[in-house]
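I opened the model to look up its nonpolar cores and its aromatic pairs. My notes are below the display.

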Amino acid sequence: MAEAFSVVGKPLTKPDAFGKVSGQVKFADDLSLPRMLYGRLLRSPYPHARVLHVDTSRARKLPGVLAVLTGDDLPVKFGILPVSQDEEALAREKVRYVGDPIAAVAATDEWIADEALDLIDVQFTELPHFMSIQEALAGQGEPIHGLSNVHKAVALEFGDTDAAIRAAEHVREDIVFFEGNTHLPMEQHAAVAQYAADGKLTLWTSSQTPHYVHRALGKVLDLPMSRIRVIATPNGGGFGGKSDIFAHELVAAKLAIATARPVKITLTREEVFYAHRGRHPVLMKVKTGFTRGGQITAMQFQSFLDGGGYGSYGVASTYYTGALQATTYAIPRYRFEGVRLFTNKPPCGPKRGHGTPQPRFALEIHFDKVAEELGLDPVELRRRNLPSPDSQTVNWLRITSCGLEDCINKVVEGSRFLERRTSMPLGRGLMPHSEVQLKLDRNGGVLVLCGAIDIGQGSDHILAAIVAEVLGVALDDIQLTTADTDLTPIDLGSYSSRVTFMAGNAAKAAAETVRDRLFRVVARSLHCDADELMARDHRIYRSDRPAEGLIFAQAVQLAEAESGVVTGSGSYTPPKLAGPYKGSGVGPSPAYSYSAAVVEVDCDLKTGEVKVPEVWIAHDIGRAINPMLVIGQVEGSVYIIARVQEPDGARSARHAHLPG
Amino acid sequence: MSIADKVAVRLRVNGEDTAIMVPPYKTLLEVLREDLGLTGTKHGCELGECSMCGVLVDGKPFLSCLAMPLDLEGRDVMTIEGMARGRHPHPLQAAFAELGAAQCGYCTPAMLLTAKALLDREPRPSREAIKAALSGVLCRCTGYLKIFEAVELAVSRGADG
Ligand code: FES
Ligand code: FES
C-alpha cells in the first residue's frame, strides 16, 4: 500500500483547535455555577514555624462569609506517592514554607473572602529555617519533618566502580549545581467543587492527574470514592505543575460540603509559585573513568536534591537523577548515590523530563571537559560511548531502538557543529497503565472514553487519530470524553510524555477489539474470512475486492442487531521491565526516546548576559501520530528550557525566573 | 455588596450595547468574565504583566485587568467571542487552528486579538513586526514559531477578509 495510513502521520487539525481559537474551551476558572461561593487560602508568611493557635472568630462574623476552615477540619494527611503521605490540606502544627496553607474561607465574593483572611489571627513561633542543600545537611535546629532533614537516601552500585576507576587511564571529577525552576503555566490552577443534595461531590479541576485527586479526596474527606466525581478541565499548560494533589482542591471540596453550595478556588499568580512542584535544584558530583581512547569504564554519580517542604514526587525524583545515565551512554560499571533533603521552600516535583535534565546537564558538561583533556572533539567522545540497540544497561534497563547516533549526526550536520562547538544529548522515558473504552453508534459515530486529559500537548487528537485509523473513519466521527472519574476508565495521568504511548496503545487495543467484532459480522454477510477485510474510508471491505463491502455504519447496525451495543475496551500495561533491586521501578521504559541538540550561545563577556540565537535539535521519537503536534512540542520544549525564541522586546526578565 | 454600592455601567462589547450594575472596583476583566459571561478573555497575573487578559478597545490591544469599565463608556470593546464573523472564523483563527498555533489554548484569545490589531493597521507585516506586536503576550507552550507562521499564513490568505 502506497499510503499505509489515512489519519496517522498527517498534520491534521486537532479536534479541540476551533474551540481554543474561539475562546469557547472552558478552563476550570471559566466555570461558574448558581449560588457559587469563592474560596481563598490563608498562607504562611514564615518559612518554618510552629502554629500555636488559629483564631477564626472574627472572620466568621464578617457578613458574606459562609465557612472558615482550619487544619483541624481536614486532619488526614495525603501525598501523591504512597510512601510520602506527609502533607496536610491546611497545616496544623507547623508550616514548612512561605505559602504553606493554614486556613480557608468561603464567601460570597473574593473581596469578602480576602477581607476575612485578614481577620484570622494566627500565633506562630518561628523556627530556624533551611534554605539550601548545604543548610539542610548541616541541620542546625529542629528538622523540617521527623528526626532529620534527609527525606530519602538511595545507594546503588552495579559492578566494582572503585576498582575500575583506580585502574582507569583517565579520570575526571566534576561538581555541578543545577538551579531549580518552575513550570509557569499561563493558566493558574483552579478548582470548582459542588456537593449535591444527594450527597455526591463533584470537583472540576485543572489537573493532569484527576484519578490521583479522586483517591486523595476519598481519603482526606473520608468519603467513598463512588460518591466523588473528579473531572479534569483542559489544562492551560501543565508541564508537570498540575500533576500533584493540591490543598486548594481538597479545601474547595470541603468548603462545598460545609456550605452545601458550589465553591471555586482560583490561585493567584503568586500562589502558583507556592504550589510549585517544579524542577529540583540538584547538586551533583560525577566521577568517571575513561580509557585513553575516550571509552567510559565506570561512573560514580552523587546527587543532592533540594526538595522543599514536602515529599511530593521526591522519592521518584531522587531515583530519576540516577536512573538514566546508562541509557544515554554505555556505562559498564555504575554507582549512584542520591539524597533528597527537605528545605523550607515550596515543594519540588516533576517538570518536563522528571529528575533527568539535571544529571544530563552535569554529564554533558563533564564529558565536554573530558573530551578536551583527551584531545577528542566532544561529538567523537559521545560517539564512542553510544548504547547499542536491543541491549541491557548495567542497571537492568532494556534499550530497544536507539536513534541517538542519528540524532547526533543530524544536528551536527545541520548546525555545522564541527566548525563551531558544544553539544548536548538528552534521554527520557517512563511509567504504566491506561485504559480506553469505545462505544459505537448506529450512524457510525465513535465515542472514546479515556482518563487522560489534554494539557495542550494534543492528546485528544492522538487518541482520536488512532481510533479513526484503526476503524477506518474520519476524525470528525470521533467524540471524546476524557478525564472524568465517573465516566472514563482509570489513567494515571497526563505527565512524563506517557499519554501517546500508554493511552495511545490502549486506544489502539480498544479499537481493534471493536473492529474485530465488526469484521466478524461483515465477513459473515460477505461470505469471506474476517482477515480478508479492511476498514478504511468509512467502509469495511475485502482488501482484494474493494467493491465488496459495507458502509461502516451498516456494519455497526448489523453488529448491534446481532448482539447489542457495540462497545469495546483496551488497556495498556507496560511489560515487566524492572531489575532485581529496590528502586528499579524508576527508569524502565518500553521505549526510550533519544535526542541531540546543538545550541549556539552568545555571551556578553562584560555583563554575562546570554542569548541563544539558534538551536538545532533532533528527536528519535518513533512514529509521529501527528507531525505538526510533535514539532509544536519540540519547539515549545526548547523554548521552555532555553528561553529562546523569545519575541524581541518581550518583557523577558520577568518571563521565567530561573535558567533551565 | 448591596445594590446601593453598585454603579451602572454601559459598555459596547462585540458590537452590542449592554448596561449592567457592578461594584465600582471591578476591573473590565472581571466584568467581562463574571458579569457578561465572556470567559474567552483569560487572566494570568491580573497585574499587567502577561497580556492573557488582552482585548481590543477601539481596535487597539488593551489589558482588561488594568482597566475600569466606567472609563470605557462609549468605547468599542472586542473580545475573542466577537472575532469570528458569525459561523465563519476570522482568517487568523483558522490559521491558528490549522497550524497548531494553539497548544493549551490559554494565551490564544489574547494572541489572536493582538495579531488582529496588528493586521488591521499593517496588513502585510514583516516577521520582525509580528514578533514586536506579539512580544508582550506570553505563551509558555508553543515557543512562538507556530504562532508567527500562523499569522503569516493568515496574511497570505488576506486576513482582512
Ligand atoms: S492578566 Fe496578566 S496582564 Fe492582565
Ligand atoms: S498555547 Fe499554551 S500558553 Fe500559549
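The entries that follow cover the cores, then the ring pairs.

I am working from a predicted model, in which local features need pLDDT of at least 70, side-chain atom pairs count only at pLDDT 80 or more, and totals for chains, interfaces and linings use all residues. Residues are numbered from 1 along each chain as its sequence is written, chains are lettered from A and ligands numbered from 1 in the order in which they are written, and side-chain values use heavy atoms, with hydrogens and water left out.

**Cores.** I took a nonpolar core as a set of buried Ala, Val, Leu, Ile, Met, Phe, Trp, Tyr and Cys residues joined through side-chain atoms within 4.5 Å; buried means under 20% relative accessible area (1.4 Å probe, protein chains only). The largest such core holds 90 residues, and Leu217(A), Val251(A) and Leu255(A) touch the most other members. I found another core apart from it, of 49 residues, including Cys528(A) and Leu629(A).

**Ring pairs.** I counted Phe, Tyr and Trp rings (for Trp, the six-membered ring) as paired if their centres lie within 6.5 Å, with planes under 30 degrees apart stacked, over 60 edge-to-face and the rest tilted. The search of the whole structure gave 10 aromatic pairs over all chains. One of them, Phe158(A) with Tyr581(A), is edge-to-face, at 4.8 Å centre to centre and 65 degrees between the planes. Phe158(A) is buried at 10% relative accessibility, and Tyr581(A) is buried at 19%. I also noted a cluster of Phe290(A), Tyr329(A) and Phe367(A), linked by ring pairs.

How values were computed
Buried means under 20% relative accessible area, exposed over 50%, partly exposed in between (1.4 Å probe, protein chains only).
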